[in-house]
Each structure stands twice: as structure tokens, then as C-alpha cells.
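Hi,

Here is the structure I promised to pass on to you. Have a look at it first, and then read my notes on what turned up.

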Amino acid sequence: GENVEQHPSTLSVQEGDSAVIKCTYSDSASNYFPWYKQELGKGPQLIIDIRSNVGEKKDQRIAVTLNKTAKHFSLHITETQPEDSAVYFCAAISNQAGTALIFGKGTTLSVSS
Amino acid sequence: DAGITQSPRHKVTETGTPVTLRCHQTENHRYMYWYRQDPGHGLRLIHYSYGVKDTDKGEVSDGYSVSRSKTEDFLLTLESATSSQTSVYFCAHSGALQETQYFGPGTRLLVL
């Protein structure tokens, strides 16, 4: 089955710096890769996703890149702000029957002003 | 608002007692999921449903059962709660397996 590894587990940056979180996956059939942000005491919320027919996707300060050959994908946050502080999860899923979304273990991002 | 609610939001129970957690979605989505979240493990899938009365096991299904009698409701039952089931439980829904999953606010369960 699918296995998703996420690094780093914690990340501290200064406001205005960039933050990068990396994930690797094991199942070459995986073709959908969402990223979720979880604030304290709340459920995860989707912030961006990418499908395997696309190499990069951007939404304002957030971007995701996908390298299918190396089986890894990354989240990039530019011009970080204190409100970006949260736990971020990557996930992967294939379109094979009987599979479901597999999550990485999360990255705690702290942005200090 | 992700169109999903969970009840109760907090529960304390004793070892050996049955517990049922409820999830309700208003989006008429086909897929619903139950996850547990524990420090160092992230989100792990317990069970999911792909339609009324259609369910399948996830990664950590032992000790849990689910039921879905209506599109909008998905119940998670701990048959006989154990301390290892102390966790935060999240429900989610999506229109398809490869569409956005919308998460509920979570239920914090403490088994003494």
C-alpha cells in the first residue's frame, strides 16, 4: 500500500521568509496530492492540491511542485506571515479501487514576527 | 463551514463501555471517512463509506465499527472502549475518492 513520508516535522522561520515542506510517496500509481493546514483545535482544511498530469500549481503565496519520477512533492510558502503558523499535512491517493487518502505525519510551522 | 458537524465534541468514558460518535454532512456527498489523530502518527483512516450501507476498512479498523443508513450520517462505534482509543476523531466527506475531503471539527475522546 501507499506510504507517505513528510519532512521536516518542525520548521521555524522569520516572518517574510519562505518555508518548504517535502513529502515522498511510495505508490507509483498515486495521482492526487492534496495539502492540508490544521490550526489548533480545528479540523484540517485543504489549502492546495495537485494531480499527476501537472508539475506545479500556484495560489497566491502558496505553491506545490510534483516530481513523478522521484515520487516526491513539495509545498512552498513565500512571504510567510504569523497566521501561517499551523500544522501542515501532505497526502496521496491512487485511483485504484479500495484505496484511500494516506497522510504524512505533519509539519509544525512556526512563523515568528 | 465545510458542511459537516460532529457530536459530541468532547467525551470522557470508562474502559469497556461502548461509545458512538456521530457525523452529519449537508453536501449530499457519496464518500465519508473516519480518522483518528494521535501525536507522532498524523491522521490515520479507521473506516470509510462509499455509499449507503457500503463501507470498507482503513489502516486502523480493529476495535471500531461503522454504519451508514443515510447519505448524510456516518456513525463510528467503539464496541468496548480501551485506553488506546483515547484520541481525537475526525470525520470527513468528499464527492469522490480523488476530490477534496472536507473535515469536521473533531471529537476529543478520553477513555479512562
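To start with a term: a polar contact is a pair of N or O atoms within 3.5 Å, where, within protein, one must be able to donate a hydrogen and the other to accept it. With that rule, 2 residue pairs are in polar contact across the interface of chain B and chain A, both at pLDDT 80 or more. Please keep in mind that this is a predicted model.

Now the interface itself. The search gives 0 salt bridges between chain B and chain A. On the chain B side, strand 4 (31-38) and strand 5 (42-51) are the elements that give two or more residues, and strand 5 of chain B gives the most, with 4 residues. Sorted by class, that side has 8 nonpolar, 8 polar and 2 charged residues. In contact are 18 residues of chain B and 22 residues of chain A. Together the two chains bury about 1,600 Å², with 54% of it on carbon and sulfur atoms. Leu43(B), Leu97(B) and Gln98(B) lose the most area on the chain B side, together 36% of what that side buries.

Asp84(A) counts as buried because its relative accessibility is 6%, whereas Arg61(A), at 22%, is partly exposed.

In chain B, Asp38(B) meets Arg36(B) at 2.8 Å and Arg44(B) at 3.0 Å. Arg36(B) and Asp38(B) are buried, and Arg44(B) is buried too.

Enjoy exploring!

Notes
Residues numbered from 1 in each chain as written. Chains lettered and ligands numbered in written order. Predicted model: local features only at pLDDT ≥ 70, side-chain atom pairs only at ≥ 80, totals over all residues. Heavy atoms only, no water. Contact = heavy atoms within 4.5 Å. Buried area = accessible area lost by both parts, 1.4 Å probe. Salt bridge = Lys/Arg side-chain N within 4 Å of Asp/Glu carboxyl O. Polar contact = N/O pair within 3.5 Å; in protein donor to acceptor, adjacent residues only side chain to side chain. Nonpolar A, V, L, I, M, F, W, Y, C, P; charged D, E, K, R; others polar. Buried < 20%, exposed > 50% of the residue type's maximum accessible area, 1.4 Å probe, protein only.
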